[in-house]
Amino acid sequence: MGKYQSDAETLLKEIGGKENIAAVSHCATRMRFVLNDQSKANEKAIEDIPSVKGMFTNAGQFQVIIGNDVPVFYNDFVAVSGVEGVSKDQSKALAKQNLNPVQRAIAVLAEIFTPLIPAIIVGGLILGFRNVLEGIQFGGSTIVEKSVFWNGVNGFLWLPGEAIFHFLPVGITWSIAKKMGTTQILGIILGITLVSPQLLNAYSVAGTAAADIPFWDFGFAQVQMIGYQAQVIPAMLAGFLLAYLEIFFRRVIPQSISMIFVPLFSLVPTIIAAHVVLGPIGWTIGSWISGIVNAGLTSSISWLFSAVFGFLYAPLVITGLHHMTNAIDMQLIADFKSTNLWPMIALSNIAQGSAVLAVIFLHKGNEKEEQVSIPAMISCYLGVTEPAMFGINLKYVYPFVAAMIGSGLAGMFSTLMGVRANAIGVGGLPGLLAINTTIGGGWIAYILAMGIAVAIPFILTIVFRRQGILNKLDPVGANGALYSPELEPALAGASSSTNFTAETPLSTTTQTTVEMYFAPTDGTIIPITEVKDPVFSQKMMGDGYAIQPASSLIYSPVEGKITNIFDTKHAIGILTPGGAEVLVHMGLDTVELKGEPFTVHVKENDQVTPDTLLAEMNLDDVKLAGKETDIIVALTNDDRVHDFKLSATGVVKHAQKIGEANVN
């Protein structure tokens, strides 16, 4: 009988039986199911299975968190179910059957823009800084008018600013080629042909007389030589045409001559189609979309349009539909040189953080929850809301609703005051830098909107709590207090929490040791609650920490013995002398990369110390794949590890002590 046979049999039954499973696979921590009918899964019963630490649904996959022993559990599940596993890629493909057409379209959009987000954020910060230098009057003149140095800086910064935004089609066509598995250099070349200096710049078209627009003369027809700088939809249409043509010609052209004719027959027709058909059509569609959004946000009912968008943006983040706003924002900037959508998105970030701030106030003294809530609040104010929403606001519900209301009111005020942004970039409080200071209310109006996004969610969260609105999961504490730490297990399902376990007196026969934890590489240490994966950020795998690496060399964070090296090389298990099971997980969702960016330097049963090189991770390859490079160190056996304390955050060096844990 397998170690997890009983639990596997229960999971098979409660998930709807063998006939409800379209595919099953696993990664370092979780079982990944594609179910034919997810409504047949009894989530309450699955949650009660002893070896199950949690579950969630993402991109059509029903994911059940098991922990370090997931390979053993997986084998037992296959044995009792008779369902053969599939590869991660096959599983993802099958998962699309659970997505409706809109969800599939949004998923595609997200996959295209996700690799571009780092560049867009940098570009937003650059344009925001240039906005301060050249757009704000200080004593009757701007900084660039007063200073030769800052005028030079302002001019120099336009070099990367132009590269990021004007040449955005190059990034889009490359990203599509990468997503479709076609030749990426052809995607890059296609993008360049859309923004080539040979063409009339898209921003100059409106001010150029029709007779002065250059054209290619083919005798029987003339084609205008117009560029598509910053245009999103023309680049997407051209990118997908190139990818599908390449896929088609790969099938029909013999392998012996494919190197010559596949690129030729794919690229040249696409370039022609892009300038003759797709570009003009895409430009028109993009103009319609941005025009409708802009009209809605500048019309007589703009207050209603903006209030609804501000109210619903946070739920859009949960569903993943918020990715579509990237394309709309970029099109608005291309057509109107600014966007009135992005300011409301940044305000929604602030509102979610303010609701968490109110929870911190209400639950003052709950040190365990503060390990989640305080970093989550800071993260929101810097533009990342997922830790706050999944870790705090959705758990209690009423802070989430309070934040939605505050976001809607702040967005309505911002729109009524005519606030617009020059670019999209970092949200939250730094979003102020992107605000256009020459249109509408500018900075003053946006600062007032930010004040609304702070005050309203904070006040409403407290009111909802005290009036018992939407807060059944946050009961009144002892002696009428708003919160009591003694109620923590009921509030957060924390019976498996490492920190709560530490509050229980240890038996006098139990021997406790203190073990040291070190930085596995150079970089920036962050609390595990800030990791952009709910399995880790919600401590489903246990407490721990993460590091944003500045080096590709990954060392052991503890002394111990290697117990497990995953086939995909992205995760390594270590057992410490005190019995703590430590998972070193390199990158997020990097199981999909099938080990390519990783080189492992240890083998199972090796003894390791913080000076032992475990592996190397090619950071550039991981980033190019659109994955986060965070290295997570998770302490996965709650029954042995108590009261983990992260004593260092910020920039650290390899082998620097950053935490300790009691182990028995």
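Strands β10 and β16 run antiparallel and are joined by three bridges; strands here are DSSP E runs of at least two residues, and helices are H or I runs of at least four, both numbered from the N terminus. Two strands count as paired if DSSP finds at least two bridges between them. This is a predicted model, where local features need pLDDT of at least 70, side-chain atom pairs count only at pLDDT 80 or more, and totals for chains, interfaces and linings use all residues. Numbering starts from 1 along each chain as its sequence is written, and side-chain values use heavy atoms, with hydrogens and water left out.

Strand β16 (residues 613–617) is also antiparallel to β14, again through three bridges. That gives an open sheet in the order β10-β16-β14, with β10 (553–555) and β14 (598–600) as the edge strands, each pairing on one side only. From one strand to the next, the twist averages 25 degrees. As for individual positions, glutamate 616 of β16 sits opposite leucine 553 and also opposite threonine 599, while methionine 617 is the bridge partner of phenylalanine 598.

Turning to the helices, α9 (residues 168–180) packs on α11 (residues 233–252) at about 35 degrees, with the axes 9 Å apart. Axes are lines fitted to C-alpha atoms, for helices over the stretch in contact, and angles run from 0 to 180 degrees between N-to-C directions. The contact (heavy atoms within 4.5 Å) includes Ile172 and Ile176 from α9, and Phe240 and Ile247 from α11.
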